[in-house]
Amino acid sequence: MTQACHRKCVPPHYKDAELSKGESVCLDRCVAKYLEVHERMGKKLTELSLQDEELLKRMQQGSGTA
């Protein structure tokens, strides 16, 4: 995230010691998008993991009663 947002928002040759307003806004948005995607992926992976566990339980129950 750090490298990607820095590359996207801050020019390779620094003109000033401080970030410009545009660079700051760009970095804020970039980080917010990254965190939002990270959260969504975490939720989806958790959901898929729970589905896998449920499927595994059903398969074990099905083979255990046969």
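Is Cys9 buried or exposed? At 8% relative accessibility, Cys9 counts as buried, because the cut-off for that class is under 20%. The structure discussed here is a predicted model.

## Disulfides

The count of disulfides comes to two. Their pattern is 1-4, 2-3, with bonded cysteines counted along the chain.

Take Cys5 and Cys30. A disulfide joins these cysteines, with an S to S distance of 2.0 Å. The torsion about the S-S bond is about -85°, so this disulfide is left-handed. Cys5 lies in helix H1, which covers residues 2-9, and Cys30 lies in helix H2. The pair therefore ties together parts that are 25 residues apart in sequence. Both Cys5 and Cys30 are buried.

Now take Cys9 and Cys26. These cysteines form a disulfide as well, and their sulfur atoms are 2.0 Å apart. The S-S torsion of Cys9 and Cys26 is about -70°, so the bond is left-handed. Cys9 sits in helix H1 and Cys26 in helix H2, so this pair ties together parts that are 17 residues apart in sequence.

## Salt bridges

Side chains of opposite charge can pair when their charged atoms come close. How many salt bridges does a search of the whole structure find? The search finds four. Among them are the pairs Lys43 with Glu39, Glu47 with Lys44, and Glu54 with Arg58.

Start with Lys43 and Glu39. Their side chains meet at 3.3 Å, N to O. The distance counts as a salt bridge because the cut-off is within 4 Å. Lys43 and Glu39 are four residues apart in helix H2, so about one helical turn separates them. Lys43 is exposed, with a relative accessible area of 56%. Glu39 counts as partly exposed, at 47% relative accessibility.

Glu47 bridges to Lys44. The closest N and O atoms of this pair are 3.3 Å apart. Both residues lie in helix H2, and the spacing is three residues, about one turn of the helix. Glu47 is partly exposed at 37% relative accessibility. Lys44 is partly exposed at 43%.

Glu54 and Arg58 meet in a salt bridge at 3.6 Å, N to O. Helix H2 holds both residues, four residues apart, about one turn of the helix. Which class does each side fall into? Glu54 is partly exposed, with a relative accessible area of 38%. Arg58 is exposed, because its 55% passes the cut-off of over 50%.

## Nonpolar surface patch

Which residues make the nonpolar surface patch of about 280 Å²? The patch is made by Met1, Tyr34 and Leu35.

Tyr34 belongs to helix H2, residues 21-64. Tyr34 is partly exposed, with a relative accessible area of 40%.

## Helix H2 in summary

Cys30 lies in helix H2 and pairs with Cys5 of helix H1. Cys26 lies in helix H2 and pairs with Cys9 of helix H1. Further along, helix H2 holds Lys43 and Glu39, Glu47 and Lys44, and Glu54 and Arg58.

Key: Residues numbered from 1 in each chain as written. Predicted model: local features only at pLDDT ≥ 70, side-chain atom pairs only at ≥ 80, totals over all residues. Heavy atoms only, no water. Patch = residues over 30% accessible without salt bridge, like charges linked within 9 Å, V, L, I, M, F, W, Y side chains within 5 Å. Areas by Shrake-Rupley, 256 points an atom, 1.4 Å probe, with all protein chains shown as cover. Helix = DSSP H or I, 4+ residues; strand = E, 2+ residues; numbered from the N terminus. Buried < 20%, exposed > 50% of the residue type's maximum accessible area, 1.4 Å probe, protein only. Disulfide = S-S within 2.5 Å.
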